[in-house]
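Try each task before you read its solution.

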Amino acid sequence: MSTAGFNSQNGTGQTYANGPSQNPVAPHQLPGVGYGSTPQQTYNPMQAKASPLPGPPGPYPVCSYQPGAPFASYPAPSGQSMLTRPMMGGPPSHTPPQSASPGPRPPPAQATPPPSMSSSSYYTNPQQTPAWQYNTAPPPMGAPTSISTPPRGPAPPHVSPTASSTGSSTAYSPAAPPPHVSHGVTQPPGPQMHRTPLHGYPPPGSGPPSMAPMAPHTYQPNRAPFGPPPTGPLPSMNPAPPPMGPPMAHASPQPPKADGTGPQATNSFNHVDNRMGGSPQPGPPGRHLGGHYPTLPPGYQNAAPPPSAMHPAIQAATQPYSQAPQPYQQPLGGPGPAQLSPSLAAMSLQSSTPEALRVVNLLQERNLLPPIPIPPPTPCLQQELQKINCNPEVFRSTLTSIPQTQSLLNKAKMPLGLLLHPFKDLSQLPVVTSSTIVRCRSCRTYINPFVSFLDQRRWKCNLCYRVNDVPEEFMYNPVSRSYGEPHKRPEVQNATIEFIAPSEYMLRPPQPAVYLFILDVSHNAVETGYLSVFCQSLLDNINGLPGDSRTKIGFVTFDSTIHFYNLQEGLSQPQMLIVSDIDDIFLPTPDSLLVNLNECKELVQDLLKSLPTLFQKTMETQSALGSALQAAYKLLLPTGGRMSVFQTQLPNLGVGALQSREDPNQRASAKDIHHLSPATDFYKKLALDCSGQQVAVDLFLLSSQYCDLASLGCISRYSAGSVYYYPSYHHQHNPAQVECFQKDLKRYLTRKIGFEAVMRIRCSKGMSIHTFHGNFFVRSTDLLSLPNVNPDAGFAVQMSIEENLDDMQNVSFQAALLYTSSKGERRIRVHTLCLPVVNSLSDIFAGADVQAITGLLACMAVDRSATASLSDARDAMTNAAIDSLTSFRQSVLSIQQPGLLAPACLRLFPLFILALLKQKAFRTGTSTRLDERLFAMCQLKYQPLVYSMLMIHPALYRVDNLSDEGALNINERTVPQPPLLQLSVEKLSREAAFLMDAGTVMYLWVGRSCHPGFLTQVLGVASYAAVPDNLYLLPELDTAESQRTRAFIGWLRDQRPFFPPLHVIRDESQLKPMFMQNMIEDRTESALSYYEFLLHLQQQISK
Ligand SMILES: [Zn+2]
């Protein structure tokens, strides 16, 4: 029996502690502020076992739940002490708007930055060329000269901007400084702009109005431990070499559903659009189900075709979230969710129990993978409630039935947590403008569909159970224009809703949209050719940047010096100002570097057109990224906004300089992986500064060299930014990545954005949050600071049960996201999820959501990798599978049977765990570049579940025989729906072609003897040998086969907001290993096959 693992993530009754997310920065609660009297305890979710039972749950710690004092005490900005740093330097001491939190709670003075790595969903990984080297940058070729110039304006006397009339490529040999910058300077020919080198001697004494470089006293210089290290040795996985024998003798594939309806992946939430980036789309009605595995060559075939009938377990799992949306009428005075007769929940549970709990012997049933993506399980709620429940794509729980007690949860050995995609693009979103936003007077929960109305004038909160008055205004229903039906208001009809917030939700006027771009222009950067793609992309999309007439924009470029661009209205062309004193960075002309986009658009466009050529001949190899970030931070201090950083190498100059920590020779052989944690806290500190000033930093890393993403990534992780990574980006050598970068940029520049955001997550009394995952800064136990929020960011939350929930039928969770829209409106988006409470282990198992569990475990394992070690994290994941299946066997099964038994709803759990062990983030024994591993970890923490599941367990389809049978018809386009295949070489055939969708990248593998029809009609080549090595675009041929294939791939791509590049690969391709390594069920040199893994689990379970 395993002992270590994730079991303790279920909590041991401790009060909230941030677990690995614990705030190393402000570890001490300010007296009187906090959340409760209970001392925070460090809680390591991935640590060894939790105590079985949290003992008598002492007196309920009121504070741990009650989010704050009744808002009468709505604290003014005073509470912001939290992030207070000594104000540095001259910049206006702008207090960040600490946005009026969705709750009444004062912005707590407790900072709790969680660990969470993030990453954007944009990921391309092709290890295109094996020729990667972690070379250091080429040696400098020629020293740039800089000159000191007389001061300009308020600048320090020793600094003086000048306009260089030499222009162009002699970038670093500026001509003699003219006395003035902006006037009377002859224009250099060409696209150049004036360059104004400001040579900075370290300003003696009275420096420029610069800020002291990041010296926040509040920060502890050292990264505090994220929770204690795991205690005790973790059971390691001893792959007792299992028989490779004829394992799956009795393959009895589980075919999938066949009721012809296809799973309705959506719930009843009629207002929410599910098209956008949704989860794997359910198959269409009538798509072929089961039994349609391609004919395999004799040698490959070892599994019987699946029966055609739909598997009951799948049937259960695919029950529609709800039927067609119907107006829900909550009976006045009727039983509220909390008052349902106990039998109701029990009945509904029982009805599905036989399905989800059907016992599966994993060692015998081979083909468990359904041919269509698995829809989330449906909570066993009263039908009326489930109809209006939150869309699982937005808000989802690992357990759709909540255990009544922590001890019950501990026994189940499954993690309890929520996965959120709170700012997901929605095509329909009810928006309410009202002077009164109705909220619970006690806990500040927003009124929602799961409250109960005692009568027309009173409603009972579903989180704290306080009875509240219905405000007079709420008696009128603007939708029906009727009076006296508060229960029909949109707020009570929609689990997802958005409010336009009145002024009390603002601590300062909503800020304009501000975009600042920080661009690496070193020699290395110029070599990649990214700059022209970026500039063109921004030119193309400049009118699509979210914003209004107040929108501001600015640019900073850097190499060994920092270059600013004066874009002030009235200039005839952009003016470049160079600051070479990177140790004490200051802003040369603070007022003209961030300009109004509308008023200065032409100058901005001029700049974008000239930038790519401006540095074309640079020989500067150094990178002062840290100083550039400091400069950018100063620029954004007054307003907050978004920083977009483009970096192509390891920063090697000035503050934040890093050194390579990777030994390429150790990548495959290392026993454990080191350097998963940051080498410096510089980036984290700066990120926290940024967060405090409502600045988020997005990082685009385009590099073939090691860049220490573990350190650099902190800048985005703690400021709620995103990370994009394009390994081996090159404008000529890697066209697939160029396309990917272009598509990503378009999405990035034009997608919705929220500024000055905070998100609070509330839960019913008795439950609490103990760890967050994602990119943010934890401001208090339930409040995340999100300087920016974007529609592609996901979050996860681990929960624990503090008090017994015996007298509750249901519990609810509410996420409230308060943000400033790009149009300057303060808005609150509220999602509420309701789940039943159960008191038996079998009911808990019946409601397990295997994908959500896998997603949450992945987040926990990322934390564990950083706080303990990668091998600990791997052991813990394996133990999670062992423990839950052991619990099932011991506590749920009444009749003991031989074999490795799992409930049908968890039948894919071991497979997903194995997939995680083989995922780039966690794998061992395979050469994996450190940055790629880190990026995979970022993505697992940051991506919404649907995308991370594709990263973990890619989808494999045979595509050389696509047919219209069961196809979808979308916009008059026929989209074939081939069945999903298991990830095993035995499913491949040399005569066929297969598409693998790994979420952020796709591979089209062409078999050596592939049908000639496919080659000519889809790939447009005459023979297998003629398939190009670097094919990443399918030709647009006018054949039915070509149209089908492109329609299918296009449809897959349309379902996510980022662009997965496609690589067509042959057997000989260099990329073939990338494809083959996703064959998760097969054995590799360093990892077990699926069957071996099952045997290992069985062995551990029967111990
Ligand atoms: Zn309440």
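**Exercise 1.** Find which helices the buried residues of α18 pack against.

*Solution.* Start with the helix itself. This is a predicted model, and α18 spans residues 909-918. Next, check burial. A residue is buried when its relative accessible area is under 20%. In α18, 10 of the 10 residues are buried, so the helix is largely enclosed by the rest of the structure. Among them are F909, P910, L911 and K918. Now look for the partners. The buried residues of α18 pack against α16, α17 (870-892), α20 (945-952) and α24 (1090-1101).

**Exercise 2.** Describe how α16 and α18 are arranged and which residues meet.

*Solution.* Take the axes. Those of α16 (residues 850-867) and α18 come within 10 Å and cross at roughly 30°. Angles under 35 degrees count as roughly parallel, so α16 is roughly parallel to α18. The crossing is right-handed. Then list the contacts. From α16 come V850, Q851, I853, T854, L857 and A858. They meet F909, F912, I913 and L916 in α18. Finally, sort the residues of this contact by type: eight are nonpolar, two are polar and none is charged.

**Exercise 3.** Decide whether R760 is buried or exposed, and find a polar partner for its side chain.

*Solution.* Locate the residue. R760 lies in strand β21 (residues 754-763). Read its accessibility. The relative accessible area of R760 is 0%, so R760 is buried. Then follow the side chain. The side chain of R760 makes a polar contact with the side chain of D782, at 2.8 Å.

How values were computed: Residues are numbered from 1 along each chain as its sequence is written. This is a predicted model: local features need pLDDT of at least 70, side-chain atom pairs count only at pLDDT 80 or more; totals for chains, interfaces and linings use all residues. Side-chain values use heavy atoms; hydrogens and water are left out. Axes are lines fitted to C-alpha atoms, for helices over the stretch in contact, and angles run from 0 to 180 degrees between N-to-C directions. Helices (H or I, at least four residues) and strands (E, at least two) are DSSP runs, numbered from the N terminus. Angles under 35 degrees count as roughly parallel, over 145 as roughly antiparallel, 65 to 115 as roughly perpendicular and the rest as oblique. A crossing is left-handed if the near helix is turned anticlockwise from the far one by less than a right angle, and right-handed if clockwise. Contact means heavy atoms within 4.5 Å. Ala, Val, Leu, Ile, Met, Phe, Trp, Tyr, Cys and Pro count as nonpolar, Asp, Glu, Lys and Arg as charged, and the others, Gly among them, as polar. Buried means under 20% relative accessible area, exposed over 50%, partly exposed in between (1.4 Å probe, protein chains only). A polar contact is a pair of N or O atoms within 3.5 Å; within protein, one must be able to donate a hydrogen and the other to accept it, and residues adjacent in sequence count only if both atoms are side-chain atoms.
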